[in-house]
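Subject: Handover of a protein structure

Dear colleague,

Please find below the sequence and the structure that I am handing over to you. My notes on what was found follow directly after them.

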Amino acid sequence: MLKKKLAVAVLGALLFSPAILPPNNFVPASLVYAAEKDAKDWISEGDKFLGEKNYKRALNCYQKAVKLNPNDDNYWAKLGITYCALTNYDKSIECLNKSIELNPKNGSALAGFYTVYVQLKDYDKALEYLDKSFALNQEIANQGLDKGTYYLMIAVTGSAALESGNYVKAAEIYDRVSVLEPQKANSIFLTVLKMSPLNDLLWSYLGKNYEKLEDYSSALNCFNKAIKIKPDNDTYQKQRDALLSKMN
């Protein structure tokens with residue numbers, strides 16, 4: 001506190017001294033460091049609340065941090081992600097845009113945009129930011145998404161589209177994962193199916209990949225599961241019938 005008072009006194013002396021005229025918006029380093037220290041304290045407290053899913057208290061902390069240090073892209077990203085958790089997507093986008101303006105390569109902001117657009121059911125926009133995050137990882141080590149996580153998140157996005165009733169978009173998204181080798185694609189599909197075991201479309205995709213691998217028994221099991229979930233789906237019936245003909 002004493003250091004703050006001293007810093008204010010020094011600033012006042014500088015501002016009112018006829019011999020020393022500071023430039024516009026001049027702030028002494030001592031004040032910047034003091035504010036930064038306080039901002040970091042608020043960030044630390046906000047992170048604690050965010051981890052506890054106490055989003056309103058986390059938001060309050062991040063707002064105070066941003067007010068103290070509005071030029072930190074990570075602070076804006078945290079604020080934007082918290083607004084997203086509170087379903088205030090307009091404010092979330094506003095804060096995430098601010099983060100990207102300060103640092104176009106902020107991985108947290110890119111991830112935040114992805115989450116916002118998935119929630120808004122704008123899957124093309126969500127995938128656009130997922131692609132940017134993956135590109136960032138190729139450019140800077142340990143930033144953005146690695147290849148495995150990238151394709152896993154594509155499949156997760158497909159499942160989100162399916163849950164919203166958009167089968168066409170879900171299939172389009174799953175096709176992006178299917179370009180991988182069948183074994184790698186199946187590993188990703190199985191991971192997602194653990195999270196959403198009633199995903200009939202994904203069981204169908206998994207079955208087709210097993211068929212490519214000539215693992216007909218596993219393929220038949222997958223097609224049967226898809227049919228059990230959606231017995232009126234002619235496509236799944238045709239896939240199973242074609243497989244059975246191949247097996248005979």
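Helices (H or I, at least four residues) and strands (E, at least two) are DSSP runs, numbered from the N terminus. Read along the sequence, the protein follows the pattern α-α-α-α-α-α-α-α-α-α-α-α-α, that is, 13 helices and zero strands.

Please note that this is a predicted model, in which local features need pLDDT of at least 70 and side-chain atom pairs count only at pLDDT 80 or more, while totals for chains, interfaces and linings use all residues. Residues are numbered from 1 along each chain as its sequence is written, and side-chain values use heavy atoms, with hydrogens and water left out.

Confidence

The predictor's confidence in each residue is its pLDDT, from 0 to 100. The protein averages 86, and 84% of the residues score at least 70. Helix α5 (residues 89–102) has the highest mean, at 98, whereas helix α1 (residues 2–16) has the lowest, at 32. Over residues 1–27 pLDDT stays under 50, and the model has twelve contacts (heavy atoms within 4.5 Å) for them beyond four places in sequence. Where pLDDT is low, the predicted coordinates should not be read in detail.

Surface and interior

The protein exposes about 14200 Å², by the Shrake-Rupley method with a 1.4 Å probe, and carbon and sulfur atoms supply 55% of this area. Of its 248 residues, 40% count as buried; buried means under 20% relative accessible area, exposed over 50%, and partly exposed in between (1.4 Å probe, protein chains only).

A nonpolar core is a set of buried Ala, Val, Leu, Ile, Met, Phe, Trp, Tyr and Cys residues joined through side-chain atoms within 4.5 Å. The largest one here has 51 residues, and I154, V177 and F189 have the most contacts inside it. Not counting residues up to four places away in sequence, F189 touches Y174, V177, S178, L202, Y205, L206 and N209. Apart from this core lies another, of 14 residues, including F49, A58, Y62 and A65.

The residue L130

L130 belongs to helix α7 (residues 123–139). Is L130 buried or exposed? With a relative accessible area of 4%, L130 is buried. Beyond its neighbours within four places in sequence, L130 is in contact with Y114, L145, Y150, M153, I154 and T157. A111 is 19 residues from L130 in sequence, and their C-alpha atoms are 7.1 Å apart.

Two helices with a buried side

In α13, which residues are buried? They are Y236, Q239 and L243. Their arc is only 60° around the axis, and therefore they are on the same side of α13. These buried residues pack against α9 (167–178), α11 (200–212) and α12 (216–229). The face turned away from the buried side of α13 carries the exposed residues D234, K238 and S245.

Yours sincerely

Note on methods. The arc is that of the directions from the helix axis to the C-beta atoms.
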